[in-house]
Amino acid sequence: RSTRTPGHLPYPSTGFLAQRQDLVSMGAQQSGGTTSPFGPYGGLLPVEERMDEGPERLATLGAGEAADMEYEQFIKAKMVQRKMFLAENKTIVHQCHDTDIIKVGSGSTACIDGNQAAAHVAYALSDIAFIYPITPSSPMGEMVDEWAAQGLINCYGQKLSVTEMQSEAGAAGALHGALKTGAFGTTFTASQGLLLMIPNMFKISGELLPCVMHVAARALAGQALSIFGDHSDVMACRSTGWAMLASESVEMTQHQALISHLVTLEARVPVQHFFDGFRTSHEVNKVKLINYDIMKELVDWEAIKKHHELALNPKHPHMQGQSQGPDIFFQCVEAANPFYDSLADLFEKKAKLVEEKTGHSYALYGYEGDPEATHAIVVMGSGAVTCSETAEYLIKERGLKVGVLKVRLFRPWDRQRFLAALPPTVKRLCILDRTKEPGSAGEPLFTEVTATMHFAARHDVVCVGGRYGLGSKEFTPNMVVAIFENLMQETPKARFTVGINDDVTHLSLPVGDWLDVLPKGTTECMFYGLGSDGTVGANKSAVKLIAMNTDLY
């Protein structure tokens, strides 16, 4: 084991962690280190040293002229295969108005859904996309595929390369490979499709590969299949090492998709950007599109250069993805800590840059309600909109001191920002999760919040947890009222469900009459239709006609 090629040193067991941290920090600041705990580090050399690579060194590595010729022949053969594939590709792309290219001018307005908002940014800031359809994320892949076919040029001056794989597992594997070669890749998925990507997600984050995955969060098939929305799928990925950013609305989806891409370019930590399946992914709303020129101004081009220089390249060979033993594996895992410790700061920094260009601001942990609230709800995703509108109604109409803390950055969890957003007057918290973990002490968001309150020594705050909205179960203002009423009881129910009548384990809260919290003068319409009779398409067209030809939203 202590034998190394000339100039390499046997690796030490003691003091390795500090040396490894130095190496990781240095790697984040330049194209690659010239030293490591083992001495000179393979082919990870600064560009100026790469330019001096002579035939002697390449010959010792088996990368001389013969290898170059073989590599060029290999690439040519692959290009021929690619052209044949494209010529014979008979995949039918769904043709609809949503896939039309929108000519984005400065401050132009469009009526789009959450899927298109995410796809708009992903197309602009990616080299390559590997896709596989799964409801409700399929339209994102369809859109980028159609835009590429129409010849849309993105921020990198090229069409996005789009390839449909045989499954989500294949899409994730191909994405991992593309990232290793220096490309910026993306994919779109949900539910069981996301679960198939988990093995590659661990590799992508462990190898610090910049990437954004856009997820239309959906229920997982357990006792039955459900194609509808909740957070079961994304919460199954919270240990993969990916940052997790949640969006609540169509407009926020666009802005936070952009923030996600900007963060991953600089931090090299992959980001899972998610929004509620159907509720946000298919909600049609009026937004101001961010054009490509603005996006280009925000891109860190130096970070792109560094990613290219760290890529695997047969002409600059070096070792990546080694097998590590018990003597160093633990240290290398912990050495990534600095990348995550500063990640929330970078999210906030990039959010401020986007705010300067667009005028829109979204706090990582945003509080809305009475500044001296005594009772508050903590929630993530589209349910936060319902909670905040109901809280506003209860403050105005009933004089209650209530509020809502909206969580957007779930990974990495930032205790300081969470506590800073929470009014110090709060005495009782209800944490809502849109997922269920059978047999657990509490669902994911509940455990994060309770741990935060414990470490902050806020033992005076009573925390209760509830589940809502699984499988797109309706979540309405009268349910939010029921949650606040439970929270105000002398002994509130510590764990509950809302929105159903649980006649088995009796965890559900009683819900009162329907509550209308919409502003006065709001017009609501209900349309009835039969499956496949065109009602959905007709309603979307009606919404777009109103949005694009009036000042209404």
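A residue counts as buried under 20% relative accessible area, as exposed over 50% and as partly exposed in between, with a 1.4 Å probe and protein chains only. By this rule serine 191 is buried, with a relative accessible area of 0%. The model is a predicted one, in which local features need pLDDT of at least 70 and side-chain atom pairs count only at pLDDT 80 or more, while totals for chains, interfaces and linings use all residues. Residues are numbered from 1 along each chain as its sequence is written, and side-chain values use heavy atoms, with hydrogens and water left out.

Backbone geometry comes next. Most residues other than glycine have a negative phi, and most peptide bonds are trans. Serine 191 has a positive phi of about 50 degrees, although it is not a glycine. Serine 191 is placed in helix α8 (residues 191-196). Helices (H or I, at least four residues) and strands (E, at least two) are DSSP runs, numbered from the N terminus. Arginine 268 also is not a glycine and has a positive phi, of about 70 degrees. Arginine 268 sits in the loop between α11 (250-267) and β7 (271-276). Arginine 268 is buried, at a relative accessible area of 17%.

Cis peptide bonds occur as well. One joins threonine 135 and proline 136, with omega about 0 degrees. Proline 136 belongs to the loop between β2 (128-131) and α6 (138-149). Another joins arginine 411 and proline 412, with omega about -5 degrees. The loop between β12 and α18 holds proline 412.

Aromatic contacts follow. A pair of aromatic rings is described by the distance of the centres and the angle of the planes. Rings of Phe, Tyr and Trp (its six-membered ring) pair if their centres lie within 6.5 Å; planes under 30 degrees apart count as stacked, over 60 as edge-to-face and the rest as tilted. The structure holds 9 aromatic pairs. Among them, tyrosine 365 and tryptophan 413 are edge-to-face, at 5.5 Å centre to centre and 75 degrees between the planes. Tyrosine 365 lies in strand β9 (residues 365-369) and tryptophan 413 in the loop between β12 (409-411) and α18 (415-421), so the pair ties together parts that are 48 residues apart in sequence. Both tyrosine 365 and tryptophan 413 are buried.

The rings of tyrosine 365 and phenylalanine 418 have centres 6.2 Å apart and planes at 85 degrees, so this pair is edge-to-face. It links distant parts of the chain, with tyrosine 365 in strand β9 and phenylalanine 418 in helix α18, 53 residues apart. Tyrosine 365 and phenylalanine 418 are both buried. Ring pairs join Tyr365, Phe410, Trp413 and Phe418 into a cluster.

Strand β9 also belongs to a sheet. This open sheet has 6 strands in the order β9-β11-β10-β13-β14-β15, with mixed pairing. Two strands pair if DSSP finds at least two bridges between them. Strands β9 and β15 (495-497) stand at the edges, each with a single partner strand, so one side of each is left without a neighbour in the sheet. Strands β13 (residues 428-433) and β14 (residues 462-467) pair in the parallel sense over 6 bridges. Leucine 429 has cysteine 463 as its bridge partner in β14.

Helix α17 (residues 383-398) packs on the sheet and touches β9, β10 (375-380), β11 (402-407) and β13. Contact means heavy atoms within 4.5 Å. The direction of α17 makes about 165 degrees with that of β11. Axes are lines fitted to C-alpha atoms, for helices over the stretch in contact, and angles run from 0 to 180 degrees between N-to-C directions.
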